[in-house]
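Take a walk through this chain, one step at a time. Keep the sequence and the 3D view side by side.

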Amino acid sequence: MPLRLTDEQARLAAKLVSDAKTRAGLTNGQIADKAGYVEKTVRDVLKGRCRVRKTVSKVCRALKIDLDVALNEAGLNDAAGLWCRFPPPRIEGDTQARAVRGALEAFLARDEDRFCRLFLDEEPLVPEQAERPWTEILAAAGYVKATPAGAVWPCVRVFFLDELLIATDLLAHAEEDQVFSLMLEQVFLVRSMDVRKGDHVLELCLGSGVNALAAAHRGAARVVGVDVSERALAFAAANAAVNLSRERGDAPLEILRGNLFEPLAAEDCFDLILVNPPFEPVPRGMRYFLHSHGGEDGLDVVRALLPGVPQRLRPGGRFEMYTCTLSDERSEWVTDLVLAAFPDFRVEVRRVACVPLEVSFTEFHDRPGYAGRDRPVSQGVTTHAWGLHFRALRDGPAGLVRIDAMDEVRACDATLSRWWREWRTNP
Ligand SMILES: C[S@@+](CC[C@H](N)C(=O)[O-])C[C@H]1O[C@@H](n2cnc3c(N)ncnc32)[C@H](O)[C@@H]1O
């Protein structure tokens, strides 16, 4: 039975569908009948033939169509489970962790392009003969889901970064507790952070755990991660199971739920405190992703965490933060806050990215859940978004030191262009 749309729904569908047409190269015939388009696309998706799943879920959300109902009406109820909100991956014990790691490694080594299409472009695949045993292992751990017709869908994204294989949420999981993907900031922080053998490391705002797990790989003796989101902590636990090895001597990841320093014991102090906080400016009263909700100017979490850092550092301890800040082309507002929090420290700043806001918003405005981010531009508050890496340490005289990071940024670009062929090297 075809889907019936109200005039308003049809108008919305027409817009979304024409956007999709441009992006996905659909023909006019395919988009002529909006209801037919939704139904046809849903059918194609379920058969693993459609490359525009994100568009379908966007269309259906905008139309307020309940996908389970739509699938039932279209006689596709056998696959209705595909569209549910996927739970975090679940890994029970070392044996399953090793099997998942082995399956991901084998899949990646066999064909990086297929791996990226499944786990980064979020497209379904029909598994080839050699991939079937791996997909069963990954399905049992909640990384993929198979349709009765034989297509395999990703339930998570999986990023490969050096030795790490990190699961995060699909972008289609456009809920407040979406677990943050890896981007330039994670690659930069992982590659540049100064972890020393035997360090006690704290990561605030843990998310998927990528930075903390990299610290464990580099010989940290204790690694603690704190996050407010239960979902993020479940992803971090699965990522720890897949990436850490007791035999290799990796420290386990200690996971704590709560606000910044609150869940720590009074005596807990660290050699290195890491953070990549939520930093996007969000209009007052707007619901938004926890991973990015930085309050009206994007700096709420940064302001809340900075004063607590010095007293949680062991003698000689260091602080590293990657954050973004709005500003104009010449300066970055957040630097003054960091200097004020570390008056006796050498504060190193690396400028990693400086993007005009229009460009930044163009990149994100099609993603599920990102509506409304263009407010600061229309208010004329700022013109640019800066990506900045800070390191505060006690070596050398106190004060601000700017450090050129272009070589490190270029090395990050090489990694990002393996994930996304269209990734453009930073100017
Ligand atoms: C930008 S994500 C970074 C995740 C991870 N560190 C990374 O680099 O991929 C920010 C994370 O901070 C968490 N968060 C937000 N507010 C927090 C708070 N007050 N205390 C602890 N965690 C918080 C969010 O749940 C989210 O997982």
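Just after helix H10, Gly 219 takes a positive phi of about 100°. This is a predicted model, and that angle is computed from it.

The buried residues are Val 210, Asn 211, Ala 212, Leu 213, Ala 214, Ala 215 and Ala 216.

Now turn to a partner of H10. Two packed helices are described by the angle between their axes and the distance between the axes. H9 and H10 pack at an angle of about 20°, and their axes are 10 Å apart. That angle is under 35 degrees, so H9 is roughly parallel to H10. Their crossing is right-handed. On the H9 side, the contact is made by Gln 186, Leu 189 and Val 190. On the H10 side, Val 210, Asn 211 and Ala 214 take part. By class, the contact of H9 with H10 has four nonpolar residues, two polar and no charged.

H9, residues 184-192, has another partner in H16. The axes of H9 and H16 come within 10 Å and cross at roughly 125°. H9 and H16 are therefore oblique to each other. This crossing, too, is right-handed. H9 brings Leu 184, Val 187, Phe 188, Arg 191 and Ser 192 to the contact. H16 brings Glu 408, Ala 411, Cys 412, Thr 415 and Leu 416. The contact of H9 with H16 has six nonpolar, two polar and two charged residues.

One residue of that contact deserves a stop. Glu 408 is found in helix H16, which spans residues 406-419. Is Glu 408 buried, exposed or partly exposed? Within 10 Å lie 17 other C-beta atoms, so Glu 408 is partly exposed. Which residues does Glu 408 touch? Leaving aside neighbours within four places in sequence, Glu 408 is in contact with Phe 188, Arg 191 and Ser 192.

Move on to another pair, H6 and H8. H6 covers residues 93-110, and H8 covers residues 132-140. Their axes come within 9 Å and cross at roughly 135°. H6 and H8 are therefore oblique to each other. The crossing of H6 and H8 is left-handed. Ala 99, Val 100, Ala 103, Ala 106 and Phe 107 in H6 meet Trp 134, Ile 137 and Leu 138 in H8. The contact of H6 with H8 has eight nonpolar residues, no polar and no charged.

Finally, zoom out to the whole chain. Its secondary structure comes to 16 helices and twelve strands. Of its 427 residues, 42% count as buried. Among contacts with a separation of 6 or more, 69% join residues 24 or more positions apart.

Notes. Residues are numbered from 1 along each chain as its sequence is written. This is a predicted model: local features need pLDDT of at least 70, side-chain atom pairs count only at pLDDT 80 or more; totals for chains, interfaces and linings use all residues. Helices (H or I, at least four residues) and strands (E, at least two) are DSSP runs, numbered from the N terminus. A residue is buried if 20 or more other C-beta atoms lie within 10 Å of its own, exposed if 12 or fewer, and partly exposed in between; C-beta atoms are placed from the backbone. Two residues are in contact if their C-beta atoms, placed from the backbone, lie within 7 Å. Axes are lines fitted to C-alpha atoms, for helices over the stretch in contact, and angles run from 0 to 180 degrees between N-to-C directions. Angles under 35 degrees count as roughly parallel, over 145 as roughly antiparallel, 65 to 115 as roughly perpendicular and the rest as oblique. A crossing is left-handed if the near helix is turned anticlockwise from the far one by less than a right angle, and right-handed if clockwise. Ala, Val, Leu, Ile, Met, Phe, Trp, Tyr, Cys and Pro count as nonpolar, Asp, Glu, Lys and Arg as charged, and the others, Gly among them, as polar.
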